[in-house]
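Biologist: I would like a close look at a single part of this model. Please keep it brisk.

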Amino acid sequence: MPNGKDRPPSYIDYRKLLVLFVFSLVLALVVGVKSPRVSATYELNDISSSNIKAPVDFSIPGTDMTVKKGEIIVREGERINEEHLKKLAALNALSSAGEFSVRRFFAFFVLMFLYVIVVFVYSEKNIKKFVLSLKDLVFATVFTVFSTLLMKACFMIFTYYVESLAGELFYVIPIFLFGIVFRIVLFSEAALVFSLILAVVLGFAFENSLTVFLYVFVGNILASYFSGKCENRSIILKAGLYAASITALLVIMLGLFFGHPEGHVTAQIAFILLSGVISSFLALGILPLIENVFDYTTDIKLLELANLENPLLEDMMLNAPGTYHHSIVVGNLSKAASESIGAHPLLTRVAAYYHDIGKLKMPHYYIENRPGSEDAHEGLTPNMSALIILSHVKEGVDLAHEYKIGTKITDIIRQHHGTSLVSYFYSVAKEKEDPNLHVIEEKDFRYAGPKPQTKEAGIIMLADAVEAASRTLEDPTPKRIESHVQNIIENIFLDGQLDECELTLKDLHAIQKSFIAILIGIFHHRIDYPERTTNGGTDKKLPKTSETKHKDHQKGHRRFARLFGGSK
């Protein structure tokens, strides 16, 4: 399968390089913005209206006096004296000078750009599943910047209005949102890499804090982990709570390690748990927006598409019932196969429901939808019949775009037949071929492709072929089913249809076993009950005790019949 890892080491995607350059530039701007501070306008002998703490270490010009970070400069209700005025003047001068430093901005930009490039290139070359398209990279960088802005803005608001509690309120900021959304929209490897980048950025943004770095990094890794295989919305809520619970323990241990005061531990734990809940609800709200803006098919959207009351599926059930039933069975086969090889069960099941929606355009041309023995292809040439059959892929892609069911499912619809041959009409055409008039070419009877590019698309191709062909089995014993499934998978493999997806021989063996188990369940034999001799032999034979009771019951009915008959 062609991907970014097949390119030579010298290959550089300059578009991605430009995205990372802009990404680093924006992060440097965000980190360079300082929290606004209210300038003290007190005069001598004024009464302080609130506590004023030193945000950083600073010295007072003209003296040997140094004010430490966190030290209270003026207490609430205290009378302002000369010493207070000197400290406040130094603090105001420090705030004005530190609003934005060009030198600091440039240094951080270069540092950030080098760091991002090294982490990204290393991950792309050495982490097998870390493959980001340009769209994925744009989303990842935009969402990282958004998360940085969100956390910085929240902390600036806390500092402005409740500076004394800003340190504790930091933990109510919904940091777990990043890990949850990244894992659901992209994949765990991307969540790991960009959580590391976000943690470093926020560590620098919050006074080079190791605690912030560890809190953000570990918290988002946990949120990403608990968001895996999101097959219902409650998993997102659990992910936020579970990640917050474990991260709260981490914060407690970090506080003990660094010797932080223990007075606010309870408040910090409560704020972290609240942050987990807020992160989960924000994720549920923001995911539909991401799906629409970036055209992603997340697990949440797949859950919506899995609803059998979807307009497309209802239309199929009414107008193409054979195709509908076939799609449901293919969905069951595909899900079992995906689970057996560690693919995406929800995606394969939902994609299987929609893989043949193109047949809705002309359902009567497909044998599973014919009400009787009539043949809609009667009177058509093999070439025209093949053209109608081949067109259902294109029609399906058009319907997928019209109903906006997502790129992942649309790609599977396009790939689920690969470049396979419509063998029946090709054989009929070859039988009628007259070499002197027209030569039948095999390419005219093959699907346009492309071949399956993912494991999920390959599984659906196999399940589709196996389910359709299983309808022709006579006396489907387990042995015949096993041989039948094996032959179909071998033929598809030998035709080269699986060359571009990542299915291995081991995977094919596991898929074959799962198909056989499902089909044996579908075609299981029932007990052939002997018929009764009563009621004209149309009912099942009952045991003697039941038969005696039945005869007594019949006699009772006859007595009632004579009674009513005598009253007439």
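What should the 18 residues of helix α20 (residues 505-522) span, and how far apart are its end C-alpha atoms?

Modeller: First, the ground rules. This is a predicted model: local features need pLDDT of at least 70, side-chain atom pairs count only at pLDDT 80 or more, and totals for chains, interfaces and linings use all residues. Numbering runs from 1 along each chain as its sequence is written, and side-chain values use heavy atoms, without hydrogens and water.

Now the helix. Helices are DSSP runs (H or I, at least four residues), numbered from the N terminus. The expected span is 1.5 Å times one less than the number of residues. For α20, with 18 residues, that gives 26 Å, and the end C-alpha atoms are 26 Å apart, so the two agree.

Next, its buried side. Buried means under 20% relative accessible area, exposed over 50%, and partly exposed in between (1.4 Å probe, protein chains only). In α20 the buried residues are Asp 507, Leu 508, Ile 511, Gln 512, Ser 514, Phe 515, Ile 516 and Leu 519. They pack against α13 (321-341), α18 (455-470) and α19 (478-494).

Asp 475 is not a glycine, yet its phi is positive, about 50 degrees. Its relative accessibility is 43%, so Asp 475 counts as partly exposed.

A cis peptide bond links Gly 449 to Pro 450, with omega about 5 degrees.

Technical notes. Helices (H or I, at least four residues) and strands (E, at least two) are DSSP runs, numbered from the N terminus. Contact means heavy atoms within 4.5 Å.
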